[in-house]
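User: I have a structure open and want to go through it with you. Can we start with how you use the word "buried"?
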Amino acid sequence: MSKHWDQYWKQGHLTSFGDSFEGNYTGVLHQAWNEAVEMLPEQFDVLDIATGNGAIPLLLKESLLPLGKSGQIIGVDLAQVNQPENDSSSISIELLSNINCCALPFEAETFDVVTSQFGIEYAPLNDALVEALRVLKAKGRLQLIVHHSESMVIRRNRRIVNLISG
């Protein structure tokens with residue numbers, strides 16, 4: 001399944017909505033991340049799980065720059081993803097490919113915030129959550145946006161997986 005996502009992200013999509021959604025997330029999906037941004041310390045470390053081509057890291061950076069905070073945002077994905085262009089700002093983004101979110105390559109208590117939008121729920125959730133909490137600092141924040149188990153997207157994808165597997 002990750003080969004499918006390798007090809008998908010190679011096409012340059014920023015979100016999981018493909019050609020039906022141009023650019024980065026807007027509206028309520030953009031606003032949902034403001035709380036995570038506001039609570040970050042002046043020097044921060046953020047991890048985004050199932051990052052794709054970095055839509056959430058780019059949204060966070062856009063919201064953080066006017067606040068004068070500095071730090072790094074690391075995105076991990078099981079698929080091969082494209083590295084965004086970094087500028088000379090005080091916030092760096094690094095995307096790491098072929099990283100299983102159930103076995104993150106980071107020390108315990110590394111990140112102030114761990115995020116995921118429409119991604120972590122596709123991993124073995126119990127394992128992924130334990131691992132996300134392991135790398136989260138003691139007073140850090142885990143912020144997730146996920147599809148509910150009976151959403152149209154999950155039901156459709158479940159049917160597709162059953163067809164492919166059957």
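Analyst: A residue counts as buried under 20% relative accessible area and as exposed over 50%, with partly exposed in between. L142 has a relative accessible area of 29%, so it is partly exposed. Bear in mind that this is a predicted model.

User: Where is L142, and what does it touch?
Analyst: L142 sits in strand β5. Not counting residues up to four places away in sequence, L142 touches V114, L129, A132, L133 and L136.

User: And how far is L142 from T115?
Analyst: The C-alpha atoms of L142 and T115 are 6.0 Å apart, while the two residues are 27 apart in sequence.

User: OK, zoom out. How many helices and strands are there?
Analyst: There are six helices and five strands. Read from the N terminus, the order is α-α-α-β-α-β-β-β-α-β-α.

User: What share of the protein is buried?
Analyst: Of the 166 residues, 43% count as buried. The protein exposes about 9200 Å², and carbon and sulfur atoms supply 53% of that area.

User: What part of the contacts comes from residues 24 or more positions apart?
Analyst: Such pairs account for 69% of the contacts with a separation of 6 or more.

User: Back to β5. Which strand does β5 pair with, and in what direction?
Analyst: β5, residues 136–145, is joined to β4 by six bridges, and the two run parallel. One of the bridge pairs is V113 with R141 in β5.

User: What handedness does the β-α-β unit with β4 and β5 have?
Analyst: It is right-handed, and the helix in the unit is α5, residues 125–135.

User: Is β4 enclosed or open, and why?
Analyst: Seven of the seven residues of β4 are buried, so the strand is largely enclosed by the rest of the structure.

User: What about α4, then?
Analyst: Eight of the 10 residues of α4 are buried, so this helix is largely enclosed by the rest of the structure. The buried ones are A55, I56, P57, L59, L60, K61, S63 and L64.

User: Which residues touch the most other members of the largest nonpolar core?
Analyst: Those are W33, L40, F44, V46, L60, L64 and I73, in a core of 19 residues. At least two residues each come from α3 (34–38), β1, α4 and β3. The largest share, four residues, is supplied by α4.

User: New topic. I was looking at D45. Where is D45?
Analyst: D45 is in strand β1. Residues up to four places away in sequence aside, D45 touches Q72, T110, F111, D112, V113 and K137.

User: Which of those has a polar contact with the D45 side chain?
Analyst: The side chain of Q72 does, at 2.9 Å. D45 and G71 are 26 residues apart along the chain, and their C-alpha atoms are separated by 5.8 Å.

User: Where do A50 and E109 lie?
Analyst: A50 is in the loop between β1 (43–49) and α4 (55–64). E109 is in the loop between β3 (91–96) and β4 (111–117).

User: And is A50 buried or partly exposed?
Analyst: A50 has a relative accessible area of 28%, so it is partly exposed.

Key: Residues are numbered from 1 along each chain as its sequence is written. This is a predicted model: local features need pLDDT of at least 70, side-chain atom pairs count only at pLDDT 80 or more; totals for chains, interfaces and linings use all residues. Side-chain values use heavy atoms; hydrogens and water are left out. Buried means under 20% relative accessible area, exposed over 50%, partly exposed in between (1.4 Å probe, protein chains only). A nonpolar core is a set of buried Ala, Val, Leu, Ile, Met, Phe, Trp, Tyr and Cys residues joined through side-chain atoms within 4.5 Å. Contact means heavy atoms within 4.5 Å. Accessible areas come from the Shrake-Rupley method with a 1.4 Å probe; for residues, only the protein chains shown count as cover. A polar contact is a pair of N or O atoms within 3.5 Å; within protein, one must be able to donate a hydrogen and the other to accept it, and residues adjacent in sequence count only if both atoms are side-chain atoms. Two strands pair if DSSP finds at least two bridges between them. A crossover is right-handed if, with the strands pointing away from the viewer, the path from the first strand over the helix to the second runs clockwise.
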